[in-house]
Structures are given as structure tokens and as C-alpha cells.
Amino acid sequence: MDIQSLRKEYTRSGLSRNSLDPDPFKQFDTWFKQALDASIPEPNAMTLATVAANDTPSIRTVLLKVYDQNGLVFFTNYQSKKARDIAQNPNVALHFSWLEFERQLRVTGKAVKVPVAESIKYFASRPKGSQLGAWISEQSSVISSRNLLEIQFAKIKEKFAAGVVPIPDFWGGYRVVPDSFEFWQGRASRLHDRLEYRLQEDGRWLLQRLAP
């Protein structure tokens, strides 16, 4: 299959320093709400990149569930591969792809566990099926069959048939505390707009344009 001719000109809009909020968190909020309002499928889907102890990178898609001035939060099994990577090296990267707007967003920073109370609050908001699934999935481990997974699910469903499903002690959230944001807007002739916020030692954000 010849895919060399697959290409698209990006012509929706441009991006200038003056059009961006001085605060990258507020700019993120603007772009995220625009993606949400446009009914883009899974607008909170983000690629998470981690690095293992042997310096091997890994990427996967997770869902953003909370964001504020303190960072961007996702939830997972604390025994998963991503969690083991973060324990060895908390430096991570996030990537959002909103192709309907011809936009990308890159975030780098450190991942830290959220307080238990935050994890409990979010866990309580999840559908019961998702709560039960968190109990039986030894995330990233090898399993013999799908059937075994379904048997385990049936058992945990029976165990917690009545009452509240408690949060597993091996499950919770990570907050990515950013040190950089890059807002990317596609432009014609591949002369894309790339505006980067980088956190300085004095706590202020430096906004600069990057070559496409």
C-alpha cells in the first residue's frame, strides 16, 4: 500500500502569542472546553509516556479526569506498568490530539500520587461495573484467558452485590504537575504554529514560539 500521498493542508486557524492566555492552565481550559463543546469523541483521552528503569519508553492512552491549577489527574492501578515506571522515574509526558481542530497539545512534568481522599471521591463517582473491574484486574500482568477474567469478575460482583464497593488499596490517582505546555496549531505548507510555555525557577511561565 502506497501511503506517501496521504496528506492534508491545515487551514482552520492560526495561533499567535497575543491570542494565548498568559496562564497555560487557563489556555488549556479554553482548548479543552472547545473540544468538549464540539462533541469530539473522548476529548479527555491523552497519551501518557513513561520511562522504565532500563530506560525503555512506554506509551498508552489514559483518560484525564480532573484538572486545575495544580495539574492534570488520571487514575490507574498502582501495580500497573505505568505505576512501576513512575515509581522509578516520575518524569512523564502527556499528549492530546484534537484533529477536528487541527490541534495538538504536549505537556511534560512530574507524576505524583494524589491524596487518598481524592481517589476515594473519584472512585465513588464511577459506575459500579468500573468499580468492580478495578478489583479484579491485575493490570499489565499476563493472564491465561478472557474466561478467567470473567470468572473473577462474577465472583467479585457477588461479593459486593449489596452495599458500597470500597476502593482497592492498590488503586488511585496521579497528578501530573506540569513544567511545560506546548500548544500546536496546524498551518498551511507545514508551517505550523507551536507556542511553548516553560516553567522558570522563579515560578513564572516563559512563553516562546518554536520552529515548526
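Visitor: Where is Ser119 placed?
Guide: Ser119 sits in helix α3, residues 116–125. Helices here are DSSP runs (H or I, at least four residues), strands likewise (E, at least two), numbered from the N terminus. The model is predicted: local features need pLDDT of at least 70, side-chain atom pairs count only at pLDDT 80 or more, and totals for chains, interfaces and linings use all residues. Residues are numbered from 1 along each chain as its sequence is written, and side-chain values use heavy atoms, without hydrogens and water.

Visitor: Why is Ser119 called buried?
Guide: Its relative accessible area is 3%. Buried means under 20%, exposed over 50%, partly exposed in between (1.4 Å probe, protein chains only). So Ser119 counts as buried.

Visitor: Which residues does Ser119 touch, not counting those up to four places away in sequence?
Guide: Phe75, Tyr78, Val114, Ile167, Trp171, Gly172 and Gly173. Contact means heavy atoms within 4.5 Å.

Visitor: What makes β8 and β9 a pair?
Guide: Two strands pair if DSSP finds at least two bridges between them. Six bridges join β8 (residues 193–199) to β9 (residues 205–210), so they pair. The two run antiparallel. Leu195 has Arg209 in β9 as its bridge partner.

Visitor: What lies between β8 and β9 in the hairpin?
Guide: Five residues separate the two strands. In the turn, Gly203 has a positive phi of about 90°.
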